[in-house]
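Please keep the structure open while you read.

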Amino acid sequence: MNNLELKLISPDKEYYNGYADMVVIPGEEGDFSAMKEHAPIITFLRPGMIEVFNEDKLESSYFVGGGFVKILDNKCLILVDYIKSKSDLDKKETEKEINIINEKIVHEKNDNLLEKLELKKKILQEEHQIPTE
C-alpha cells in the first residue's frame, strides 16, 4: 500500500505528485530511504538520483543537482533546482555542456560567475557518472 505522500518540484514544474512506498534520496550525508513513519527531517540534497518505488518496483527515477527535502507526518516534499528524468540523461550532450563550461571558465574574470560555472560543471560531472541503461 502506498503510504508516503511525495511531491517532487522544480521551479519549472511538478515532476511527481502522488504516493510512494519508498523514496531513495541523495541526502547531504549520503543516500537514505524515506517510507511511512519516517522521522521528521529537513536536509540538503547533493547531486544524485531520486528513486521512487511502489509495490517493490522502481516506478521512476530522476537525477537532481541539489535542493532540499522535508519529511513530516508521512509527507515528503522535495524541492530541486536542477532535475532530469533518468530517461532524459544523455552522456554525449552532457559532455558537450561540460566542454562549453570549461571554455567559459578559462575566460571568465568575474568571481561570482566563475563560482556558478564551477558549480554547474560539478553537477554535470555527477550527471555524467549516472549509468543510462
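Helix α1 has four buried residues, T94, I98, I101 and I105. Here buried means under 20% relative accessible area, exposed means over 50%, and partly exposed is in between, with a 1.4 Å probe and protein chains only. An α-helix has 3.6 residues a turn, so residues three or four places apart point the same way. On the other side of α1 you will find K92, K96, E103, V106 and H107, which are exposed.

A word on the source: this is a predicted model, in which local features need pLDDT of at least 70 and side-chain atom pairs count only at pLDDT 80 or more, while totals for chains, interfaces and linings use all residues. Residues are numbered from 1 along each chain as its sequence is written, and side-chain values use heavy atoms, with hydrogens and water left out. Helices (H or I, at least four residues) and strands (E, at least two) are DSSP runs, numbered from the N terminus.

What do the buried residues of α1 pack against? Their partner is α2, residues 111-128, where contact means heavy atoms within 4.5 Å. The buried residues of α2 are L117, K121, I123, L124 and E127. They cover an arc of only 165° around the axis, which puts them on the same side of α2. Their cover includes α1 as well as β7 and β10 (83-85). On the other side of α2, D111, N112, E115 and L119 are exposed.

The table sets out the lengths of both helices; the expected span is 1.5 Å times one less than the number of residues.

| Helix | Residues | Expected span | End-to-end C-alpha distance |
|---|---|---|---|
| α2 | 18 residues | 26 Å | 25 Å |

The starts of the helices also deserve a look. D90 caps the N-terminal end of α1, with a side-chain oxygen 3.1 Å from the backbone nitrogen of K92. At the start of α2, a side-chain oxygen of N110 comes within 2.8 Å of the backbone nitrogen of N112. A polar contact is a pair of N or O atoms within 3.5 Å; within protein, one must be able to donate a hydrogen and the other to accept it, and residues adjacent in sequence count only if both atoms are side-chain atoms.

Now for the cores. A nonpolar core is a set of buried Ala, Val, Leu, Ile, Met, Phe, Trp, Tyr and Cys residues joined through side-chain atoms within 4.5 Å. The largest one has 20 residues, and L8, V23, I25, V69, C76 and I78 have the most contacts inside it. Strands that each supply at least two of its residues include β1 (4-9), β3 (22-27) and β9 (75-80). Apart from this core lies another, of eleven residues, among them F63, Y82, L89 and L117. Leaving aside neighbours within four places in sequence, the contacts of C76 include L4, L6, I25 and V69.

Finally, two loops. Most residues other than glycine have a negative phi. D56, in the loop between β6 and β7, has a positive phi of about 60° although it is not a glycine, and is exposed at 80% relative accessible area. D73, in the loop between β8 and β9, has a positive phi of about 55° and is exposed at 61%.

Definitions and conventions:
Arc of directions from axis to C-beta.
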